[in-house]
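Here's a quick briefing on a couple of spots worth a look.

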Amino acid sequence: MNFRRQFMEYNTTRPKLLLPEYGRNVQEMISHAMEIADREERNKAARAIIEVMGQLNPHLRDVDDFRHKLWTHLFVMSDFKLDVDSPYEIPKPEMLSSKPEQMIYPKGRIRYGHYGKYTQEILKDAKDITVSDERDYLKITMANFMKKQYLAYNNDAVENHVIATQLKELSQGTLILENPDELMNTNLILKSFGIHPNKRPKKNQKNQKNFKGKNQNRKQN
């Protein structure tokens, strides 16, 4: 028992692995290299360790400049105390521990979420179009696009006059659809989504079938 306590080591008593994916053997090799007094021999040891690290993590070969990443990991595992000649700029601890700058999240109110932000911006800029033909083209194109987006969000049905009203609202009164019936047919749009409206049983029909089935069962009983 005393022999086991003296010579057996447990991971809980060993130093913490800085990069566990390389294993404890690589960590110990780096610790040994740090104790080599001769700089040339220490450089040879560092290059040998880099080769071992590359073999242990072949997936890094798919990463751009993977050898640079290996050298960075080498210095990290030495707690930046390994004094060797690196082919790359030696990283500093503060560079790796620094937090990236917080990205500014775009702010902006979307009137109708199912149309998206860019639809709203396009319609808002419609007032800048002065050529009547271009404005008419934009009007019918955007109206059909809005109808598709609406049906993709809610594939039951949508009235054309609703699309016309929202088109006018989002374009700030610039695009007015005089004849909403010119828009694409709802069933054709749904079929383009792989939905066949005529084959879907309506809710009322489904409830009537269930009601008839229950009555027949009662009569039989």
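The side chain of Asp38 comes within reach of the backbone nitrogen of Glu41, at 2.9 Å, a polar contact (N or O atoms within 3.5 Å, one able to donate a hydrogen and the other to accept it; residues adjacent in sequence count only if both atoms are side-chain atoms). Keep in mind that this is a predicted model: local features need pLDDT of at least 70, side-chain atom pairs count only at pLDDT 80 or more, and totals for chains, interfaces and linings use all residues. Residues are numbered from 1 along each chain as its sequence is written, and side-chain values use heavy atoms, with hydrogens and water left out.

**Around Asp38**
- Asp38 sits in the loop between helix H2 (23–34) and helix H3 (39–56); helices here are DSSP runs of H or I, at least four residues, numbered from the N terminus.
- Its relative accessibility is 43%, so Asp38 counts as partly exposed (buried is under 20%, exposed over 50%, partly exposed in between, with a 1.4 Å probe and protein chains only).

**Helices H7 and H8**
- H7 (residues 132–153) and H8 (residues 160–170) pack at about 120 degrees, axes 10 Å apart; the axes are lines fitted to C-alpha atoms over the stretch in contact, and angles run from 0 to 180 degrees between N-to-C directions.
- On the H7 side, the contact (heavy atoms within 4.5 Å) is made by residues including Met142, Met146 and Tyr150, and on the H8 side by residues including Ile163 and Leu170.

**Lys139**
- Lys139 lies in helix H7 and, at 10% relative accessibility, counts as buried.
- Leaving aside neighbours within four places in sequence, Lys139 touches Leu167, Leu175, Ile176, Leu177 and Glu178.

Note on methods:
Helices (H or I, at least four residues) and strands (E, at least two) are DSSP runs, numbered from the N terminus.
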